[in-house]
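Please examine the sequence and the fold displayed here before reading on. The paragraphs that follow proceed from the overall architecture to individual sites.

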Amino acid sequence: MTRPCSKSGCTRTAAFTLTYDYEGRVAAIGPLSPSVASEGYDLCAEHARSFSAPGDWRVIRHLSLTGD
Ligand SMILES: [Zn+2]
């Protein structure tokens, strides 16, 4: 089972899941969650790599995104 990247117009396969911690103002990118997270966004490697958080949010990447 693969899931598509949630970015509109993107046809790549999701490899990471992005979740937001609204209280801590942190966006976390980690391994693809095994099931669709209600508050998560699936991202392909390309979009996970290029993601930047809005405003003063911090981004935490749980994985090295240097590879494929
Ligand atoms: Zn994508």
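Helices (H or I, at least four residues) and strands (E, at least two) are taken as DSSP runs and numbered from the N terminus. On that basis, this predicted model contains one helix and four strands, arranged along the sequence as β-β-β-α-β. Among the contacts with a separation of 6 or more, 54% join residues 24 or more positions apart. Of the 68 residues of the protein, 35% count as buried. The accessible surface amounts to about 4,600 Å², and carbon and sulfur atoms contribute 52% of this area.

The interior may be considered next. In soluble globular proteins, nonpolar side chains tend to be buried together. Here the largest nonpolar core comprises 13 residues, with Leu18, Ile29 and Phe51 making the most contacts inside it. At least two residues of this core come from each of strand 1, strand 2 (26–31) and helix 1. The surroundings of Ile29 can be listed in detail: leaving aside residues up to four places away in sequence, Ile29 touches Phe16, Thr17, Leu18, Ala48, Phe51, Val59, Ile60, Arg61, His62 and Leu63.

The zinc ion has as its protein donors the SG atoms of Cys5, Cys10 and Cys44 and the ND1 atom of His47, at 1.9 to 2.3 Å. The donor residues follow the spacing C-x4-C-x33-C-x2-H in sequence. Angles among the four donor atoms run from 105 to 114 degrees, and the site is tetrahedral. Cys10 belongs to the segment before strand 1 (16–21), whereas Cys44 sits in the loop between strand 3 (40–43) and helix 1 (45–50); the pair therefore ties together parts that are 34 residues apart in sequence. Cys10 has a relative accessible area of 14% and is therefore buried. Cys44 is likewise buried, because its relative accessible area is 1%.

The structure holds five aromatic pairs. In one of them, the ring centres of Tyr20 and Tyr22 are 5.8 Å apart and the planes stand at 35 degrees, so the pair is tilted. How accessible are Tyr20 and Tyr22? Tyr20, at 23% relative accessibility, counts as partly exposed, while Tyr22, at 55%, counts as exposed.

Key:
Residues numbered from 1 in each chain as written. Predicted model: local features only at pLDDT ≥ 70, side-chain atom pairs only at ≥ 80, totals over all residues. Heavy atoms only, no water. Phe/Tyr/Trp six-rings, centres within 6.5 Å; stacked < 30°, edge-to-face > 60°. Buried < 20%, exposed > 50% of the residue type's maximum accessible area, 1.4 Å probe, protein only. Donors = N, O, S within 2.8 Å, 3.2 Å for Na, K, Ca; no water. Tetrahedral: all angles 85-135°; square planar, octahedral: opposite > 155°, others 65-115°. Core = buried A, V, L, I, M, F, W, Y, C linked by side-chain atoms within 4.5 Å. Contact = heavy atoms within 4.5 Å. Areas by Shrake-Rupley, 256 points an atom, 1.4 Å probe, with all protein chains shown as cover.
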